[in-house]
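I opened this notebook to record what I looked up in one structure, entry by entry. Each entry names a topic and then states what I found.

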Amino acid sequence: MVFSRFEQFWLTEYQRQLDQADLPAQLRAFDLRDLNAKQTSNQQLQRRALRIAEQRGTTRQLVSWQRSRRLLTLLAGIIAIVLGAMATQTVLAQPQPLSLLFALVLLLVPNLVMFLFWLLVALRSSEPHGVTAVGLYLINWFNRKRQPHSNSQSERQQLSKAWLQHVQQQRLLAPLMALASHGFWLFISASSWLTLLLYLSFNDYQFHWATTILAQPQLVMIADVLNTVPGLLFGTEVPLPASNVANTEFANLAGRWLATCVLVYGVAPRAIALLISLSWYGMRLHKMKLDSSAPGHVAVLQTIRQYQRQPQVIDADQGDSVDQVEFNYASSGQGYSSASLDYEANTNWSAEPGKDYFGVLDSQAQKSAFIEQLRQQPRQRVELRVAANLTPDRSSLRFLAQVAHYTVQLSVQLILTEGDTYLAQWQRLLKQYGVSYVTL
């Protein structure tokens, strides 16, 4: 079964939550031999999550969840089309001659109010609101009705929770709410406009400028202001308030002007907003990345590294070859950066909020990416966390020397672990090359 990139990240977040709740049971559910040691940490996490989901049957739950979402989207579209058509029919069912201002208010103001509500609320919210919140509730309700068994309900609730957590982590919630809101109201406004065109094309209606408290000059000013954009785009003429209401030409101008205003002020803004939201969502999808330092992922990656790590020996040659390593530091830099070399030894440790923590440098690709980041922006200080049970071989020292080239100050945190360590060798070599260190 082929899953989209979004769904792969979604299942990985779902598996992270399960790992966080009961890691030993989750580790027993998957054979680590199925992982490729040459893959990056993120690729290994995703592959493991997909395989466990397939074994457990979660992929079927995900497909069912997506099917419910598509069905609900179709129903929402149908409801929006019906609402738009009913709005136009309500306006045209008023006693003739029809008030042009009243027709514009009924056809445009609800759309405008909801657009302003989205600007004020949805963009600042970290939780679903409006159409998105209703949609999530209906999806969960529909899934509960389809599969009433407690185990299935629990899995679906957890899957829905993982979806929400995933879109919040990847900053996808705002563009998704924008897509839902603008899409729903675009269907309403487009249906309203098309129904208006249909009725005006095949029925005879009379219009006038009705008001109780406004003077005629004020009506003329309002009409001119409203016609600014339609006149600029389509050359639409304003039916002047002083015209004769029984005049056929006035009715023709009024109908065209009303339909054009609904298109310009109702349909077009929502269509533009929907296109912008699609681009926004696509950009956020492209920038998605897993946080390998998140709770749950760290412990899994450490277990994978410990399983895949091959036996190592200290370099017998500690003479000329090691002496060829040179630590040359940058003359200037800005900011702070840190990372864990090969794996994070302290399972309970997590980076402090606000700290620029790159992650675990567990592959050559990760190390190259870290060096490239430093090359583009040298740092004032770089801190590397090193497990004391790793051997201080030439490769490690060369990497430290590479990092030093792009920082003013390099420091090493030696993390003590259970069992045999090479703490003394690390301390001796770091002192030899003048690299500051602390033992934790």
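This is a predicted model: local features need pLDDT of at least 70, side-chain atom pairs count only at pLDDT 80 or more; totals for chains, interfaces and linings use all residues.

**Entry 1: Threonine 90 and the basis of the model**

I began with threonine 90, which counts as partly exposed at 44% relative accessibility; buried means under 20% relative accessible area, exposed over 50%, and partly exposed in between, with a 1.4 Å probe and protein chains only. Threonine 90 lies in helix H4.

Residues are numbered from 1 along each chain as its sequence is written, and side-chain values use heavy atoms, with hydrogens and water left out.

**Entry 2: The chain as a whole**

I recorded 16 helices and 7 strands in the protein chain. Helices (H or I, at least four residues) and strands (E, at least two) are DSSP runs, numbered from the N terminus. Of the 440 residues in the protein chain, 44% are buried. I then looked at contacts, meaning heavy atoms within 4.5 Å. Among contacts between residues at least 6 apart in sequence, 79% join residues at least 24 apart.

**Entry 3: H5 with H8**

How do helix H5 and helix H8 pack? I found an angle of about 170° between H5 (residues 100–120) and H8 (residues 173–202), with their axes 11 Å apart. H5 and H8 are therefore roughly antiparallel to each other. Axes are lines fitted to C-alpha atoms, for helices over the stretch in contact, and angles run from 0 to 180 degrees between N-to-C directions. Angles under 35 degrees count as roughly parallel, over 145 as roughly antiparallel, 65 to 115 as roughly perpendicular and the rest as oblique.

On the H5 side, the contact is made by Leu107, Pro110, Asn111, Met114, Phe115 and Trp118. The H8 residues in this contact include Met177, Trp185, Ser192 and Leu196. Ala, Val, Leu, Ile, Met, Phe, Trp, Tyr, Cys and Pro count as nonpolar, Asp, Glu, Lys and Arg as charged, and the others, Gly among them, as polar.

Threonine 88 belongs beside this entry. Threonine 88 lies in helix H4 and counts as buried at 1% relative accessibility. Leaving aside neighbours within four places in sequence, threonine 88 is in contact with Leu107, Ser192, Thr195 and Leu196.

**Entry 4: H5 with H11**

I next looked up H5 and helix H11 (residues 248–286), whose axes come within 10 Å and cross at roughly 5°. That makes H5 roughly parallel to H11. The residues of H5 that meet H11 include Leu100, Ala103, Leu104 and Leu107. Among their partners in H11 are Trp257, Tyr265 and Arg270. By class, the contact of H5 with H11 has 14 nonpolar, 2 polar and 1 charged residues.

**Entry 5: The buried side of H14**

Which residues of H14 are buried? I listed Lys367, Phe370, Ile371 and Leu374. They cover an arc of only 95° around the axis, which puts them on the same side of H14; the arc is that of the directions from the helix axis to the C-beta atoms. An α-helix has 3.6 residues a turn, so residues three or four places apart point the same way. The buried residues of H14 pack against strand S3 (336–341), strand S4 (357–361), strand S5 (379–387) and helix H15 (394–404).

**Entry 6: Two loops and the chain end**

I found a cis peptide bond joining glutamine 96 and proline 97, with omega about 0°. Proline 97 is in the loop between helix H4 (58–92) and strand S1 (98–99).

Arginine 171 sits in the loop between helix H7 (150–169) and H8. Phi of arginine 171 is near 55°, a positive value in a residue other than glycine. Arginine 171 is exposed, with a relative accessible area of 51%.

Lastly, I looked up leucine 440, in the segment after strand S7 (436–439). Leucine 440 is 27 residues from glutamine 413 in sequence and 6.8 Å from it in space, C-alpha to C-alpha.
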